[in-house]
Each structure stands twice: as C-alpha cells, then as structure tokens.
Amino acid sequence: MTRRKHFAVMGTGLALIAGLLSGCSGASSHEHESGRETIRFTFSKREAIGFMTKLVADYNASQGGTKVVLDTSGVDVVSASFVRGNPPDIALANYNMETSRFVQRGALSDLSGTDAASRIRGDLKPLMEQYGSYQDRTSALPYSVMASSVIYNKEIFAANNIKVPTTWSELIAACEKLKAAGVTPFYATWKDDWTIAQGWFDYSAGGQMDTLDFFDKLADEGADVGPGSSVSFQKDFGQPVEKMLTLAKNYVNKDAASRAYGDGNLAFSQGKAAMYLQGPWAFSEIAKTAPDLELGTFPLPMTEDPRDLRVRVNVDLAAWIPEASKHKEAARDFLEYLYRPEIIEAYNKSQLGFSPTKDSAVVPDPRIEGMVQYYDAAQVYQGPSVLVPRTIPIMNYTQALVFGANPASTLSTLDADWARLAFRQ
C-alpha cells in the first residue's frame, strides 16, 4: 500500500479491522421468502428514496428468483453491520473516506468482470482511486457523478448585458458591473460552514491547482508537512484563498454571516443576487418558490486562461458488493439491472447528475448544461475539503477565513494538523 493510500484511511478503529477480518462470523443473511432469494440493498441518498423505492418494486415484479429489500438506514448502520459480519448484499452509497475503509481492507468484492464495469468511463478512475484501492480489484463502480459550479440567474445577466465570465478579470468586471447596478453579485450563506468549504473554498482552489496531485504529494510528505516541505497548505493555498477573500469581502450580501443554506435558496429564488456557489441539489429547493426561474451554471474562473476552467465533481453514488455477502450472484444480477442504460440514465436525469458510462445518451437539463463540456472533456477536480480527513476541522477553518481569520496562520494550522495526524498514523 502506498503512503498516500495508507494515509487516506486515517482514523479507522481497530474494532472495524477486527470485524472485517472476521468475515462471516456474524449472523447469517441467508434469507428466502416464498422460494425467492432475498438480498438487502443499502441506498444512501435520501433525496432519491422515492425513485429507488419504485425501481426496486419494478425489479422485484420483473422476475421471480430474487427479492430486493431496500435499506435506507444510513452509513453508521452500514459500518456497524460490517463489524458484525452481516453487511448489506449490495449498496449504492456516497463514495468518500468512509467507504475507503472497506476498500482498503479488501472487504468489497471484485466487480471487474461485470458488464457494468466494462461500460464505465476510464477517465473517472482517478476519482475512484483517490482514497486508495485494494490489489487489482475494482472494488466499486461509479453510478452518479455530481458536478457543481457557479449557479447564475440568466435573467439578471441578460438585463445587465453580462456574458458568462471565463477569466478572473472578466469575473471581477462582471461583479463590478452588477454592484454598480445595485445587484448583489454573490449570495453567501456563511452561517452554514459546509457551504463555504464546498463552494467558496473548493471552487477557488480547484480553479487554480491540481488538487489530487497536491494531496498525493502532501501524503508523501506525511509528518514532515510544514514550512520546509515541498508542498503545504500555506504555500500552495495562499493565492486561492486570497482570491476567495477578494470575492468574499467585496461582492456578497451584507448579512452573509447570519444566512444559512435555506435562506440562500429562498433569497436566490427571489432574485436577490446574480450568482450562488452551490451544487445542483439547490435547484430543486430554488424551484419550490420560483419554478420558472431561468438558471444556468459555469465554472468559477480563477486564472486568466480559459483553458484552466474546470468543475468540481464528486462520486455521489458508487455501487459495491461486500465479500461477506452470501448472495453475491443475486446481488450481481441486481447490479447489472441498476446499470441498464434506461435505468442509470433515468436516475441521473432525475437528480441532475452525470452518468459515468461511456454510452450515456442523457440530454442534460438546461440548468446544468454549462458544465457538460467540462465533464465530457474530463476538465474536473475533486474539492479539497473532502480530501482532508474528518478529524481535521476544515469547514471550521474555511468559515474562520471568511469571518476574518488571518489566512497565513489558518493555513499554517492546517499544515500542523496534517503533520500531527500523519505522525500518529
């Protein structure tokens, strides 16, 4: 295991390791109902439970050999089930450091021989391997990729004769023009720290640097991260944070510090700002009060070269089948059903996500059309906020920055946190 892969699974408890090694020591999941083999299917995206409930019902009605039982109990319950040796038979779950614990210890079976695996885009492999891998296995397959960038009000842009900016200078000019017209350029919701980390911090960094390369090198430095290391937060994130603060100090609503995510969705639906740094999940919330509002998306430009434009992505859902499942073949049959073009494309269209398959024919929703060319060309980055282990309070730090904390000392603290954590590992 490389140093990076080892570091990516920080904080894993010994209890989990013991549970995974115990394999099948827990209660048996051999279940049959009326002659049908029963498999437990864990699904983690609460916003899409309605969609998945119908899909499971359709699958169960389509054949008589297997009954799929939908489990939406959440990631903590899933982690505990691994410890007990009785994990779900198949899952569609957010792919993050939590899942990497299962990957790194070989707790997930190899899916490389499935038809579904043969249809996955090769350029998504780095996103799947960012948290490590196990031997030569394909431990998980991407199912839904979420891309996020600047959401903008097309009506406000048109009314002020503003074109979508593709460079930092054009972005600042657009902000100044909006401000002069009495329009708030960006609506910010800093009461909720995650909105700063996911949007302001991630977009600013991802628009200027190769985040995966940075974290590769940072992991290689390990406990030596600091003023003299080849890479560090203080050294490499200084300029992105400076530009983030330029926008934050000059072009946001005056009450940003007291506004939360829900406030932002409502205010943006009411036309109280031209731009909003949120993901596609905000569209459905905005549409509740302004269903006909014309919205679009574009990458936040952080340099003077339009070729640097990229969008933030994350693997919103990935499919995996545990080694400890006693129903692998039935689970694989259901996996192939999930990846049928008409199924996976209908799911992603319903959630404004991007399909990871090579043969996708989804016509993008107009609201996310501005990100399609970047996703198709693999001009994407993973947000640095999700690559920092949870034991480091990155969201608190990003919130402190927009509230006025000294950037150099905050980034220096991040370096020290990383070094301490690496040392303990």
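1. A nonpolar core here means a set of buried Ala, Val, Leu, Ile, Met, Phe, Trp, Tyr and Cys residues joined through side-chain atoms within 4.5 Å. With that in hand, let's look at this predicted model. Its largest nonpolar core has 97 residues, and Phe-186, Trp-200, Phe-233, Leu-247 and Met-275 have the most contacts inside it. Helix α9, residues 168-180, gives the most to this core, with 6 residues. A second, separate core holds 30 residues, including Phe-43, Ala-117, Tyr-143 and Phe-334.

2. Now for the rings: the whole structure has 26 aromatic pairs. One of them is stacked, Phe-201 with Phe-237, at 5.6 Å centre to centre and 15° between the planes. Phe-201 belongs to helix α10 (residues 193-206), while Phe-237 lies in the loop between α12 and α13, 36 residues apart.

3. Phe-237 also pairs with Phe-214: the ring centres are 5.1 Å apart and the planes are at 65°, so this pair is edge-to-face. Phe-214 comes from helix α11 (residues 211-221), 23 residues from Phe-237. Phe-214 is buried, with a relative accessible area of 3%, and Phe-237 is buried too, at 0%.

4. Elsewhere, ring pairs join Phe-41, Phe-43, Phe-51, Tyr-59, Tyr-143, Phe-334, Tyr-337, Tyr-339 and Tyr-347 into a cluster.

5. Finally, have a look at Arg-121, whose charged end sits over the ring of Tyr-375, 4.4 Å from the ring centre.

Methods: Residues numbered from 1 in each chain as written. Predicted model: local features only at pLDDT ≥ 70, side-chain atom pairs only at ≥ 80, totals over all residues. Heavy atoms only, no water. Buried < 20%, exposed > 50% of the residue type's maximum accessible area, 1.4 Å probe, protein only. Helix = DSSP H or I, 4+ residues; strand = E, 2+ residues; numbered from the N terminus. Phe/Tyr/Trp six-rings, centres within 6.5 Å; stacked < 30°, edge-to-face > 60°. Lys NZ or Arg CZ within 6 Å of the ring centre and 35° of its normal.
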